[in-house]
Amino acid sequence: MREPVDVIKRYNLPEKVKFCKCCVISNQRPRICLDDKGICSACRFAERKKKTIDWNDREKQLIELLDRHRSKNGKHDVVVPASGGKDSAFVAHQLKYKYGMRPLTVTWAPALFTDVGWRNFQNFIQAGFDNILCTPNPEVHRKLTRLGFEHLAEPFQPFAYGVKNFATSMAVKYQIPLIMYGENGEVEYGGDSKNEEIPTHNLNDDLERHYFSNMGPLRWLEYGIKREDLALYLPPPAEELQKLNAEAHFFGFYKKWIPQENYYYAMEHTGFEANPDGRSEGTYSRYASLDDKLDGFHFWMAYIKFGIGRATSDAAHEIRDGHLTREEGVALVRRFDGEFPKLYFKDFLDYTRLTEDEFWEIVNSYRSPHIWKQTSDGEWQLKHEID
Ligand SMILES: [Zn+2]
């Protein structure tokens, strides 16, 4: 038996589960805050997006930023990390065709491309983009995925390194100081809101804390991963980034970030296709995170650790964007949240080389008693369901 993980301590979670009164998220999302009226920081930010932020002024700021970097000799002038999914397609396409930039799109390959993910990626490039695809050594990526799953309940851990660090490495390699990310997840979906009024992505502290759970790539050396195998996962040397005067910005700071609108935009402009199987497992939505066969496990493990599944995350921001009422959101969460991603379960086990028993042992070690209870016949149930 594996030692149970102290999830409360590890993620600094409140012991008493509370749900936001406006959306469906709970206070178990790391770093989110519920105010004295019981409303979460992401909902408060969504209000400001609608009421107080001057989007015309933000667009002016964007144009000033782009003008400062705009290439005069035809060279690439902005690096856009892109998978061909709806969000990065929106960012890259707007930068190129609306704002006249010359983006170099860079892609960190999923562990296991889905068919629809591959088609979307190809269609995206066909819409007129230069692209560099990085596919790390599958043997190394497989080991890191398994380590991430075992030690952090996060099979996407090595993917997070790649998405962030490969983009900055390419910025240095091609001497392109501007990097444009999509949305600031911490601000849009709830988390550390200190960055609400800041357009840039802090590539040092925040990266380590918010995206790598304080487990950067080099932490795996002690688990038998070799330094030379980590080259692609590491950031470029800090002094080179500094010399380049690299600045990473969030497009969502300058343009109102509405995932559903990005979906319509990408369908129209880059041939983006929603999930042909219908909704993704664990949610009602058809158009988010479709690229990797491991996607479902990333979301499902958040359900295990925090009681926050894929339907909760989707419904929360659709309520904030005014596309769902809270009542509809609650019904969707009750219906789909926590549905096991069985479609690619076998692929997941093959990829991580885990047996089914080992898989469940790891999963169950992350079921914190403040989130989960076991019925007399051994079935796991959430202690607090949304209402
Ligand atoms: Zn909320």
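How far apart do the C-alpha centres of domain 1 and domain 2 lie? In this predicted model, the distance between those two centres is 25 Å. To find the domains yourself, look for domain 1 in two stretches of the chain, 7-50 and 306-382. Domain 2 covers 54-254.

Now let's turn to the place where the domains touch. Domain 1 brings 26 residues to the contact, and domain 2 brings 28. Together they supply 32% of the area that domain 1 buries against domain 2, more than any other three residues.

Next, look at the polar links. Between domain 1 and domain 2 there are 11 residue pairs in polar contact. The interface also holds 1 salt bridge. You can look at a salt bridge between E139 and R353, where the closest N and O atoms are 3.4 Å apart.

Finally, which elements build the side of domain 1 that touches domain 2? Those giving two or more residues are the helices α1 (7-11), α2 (41-51), α14 (310-320), α16 (345-352) and α17 (356-365). Sorted by class, this side of domain 1 has 13 nonpolar, 10 charged and 3 polar residues.

Notes
Residues numbered from 1 in each chain as written. Predicted model: local features only at pLDDT ≥ 70, side-chain atom pairs only at ≥ 80, totals over all residues. Heavy atoms only, no water. Domains from an automatic or database assignment. Contact = heavy atoms within 4.5 Å. Buried area = accessible area lost by both parts, 1.4 Å probe. Salt bridge = Lys/Arg side-chain N within 4 Å of Asp/Glu carboxyl O. Polar contact = N/O pair within 3.5 Å; in protein donor to acceptor, adjacent residues only side chain to side chain. Helix = DSSP H or I, 4+ residues; strand = E, 2+ residues; numbered from the N terminus. Nonpolar A, V, L, I, M, F, W, Y, C, P; charged D, E, K, R; others polar.
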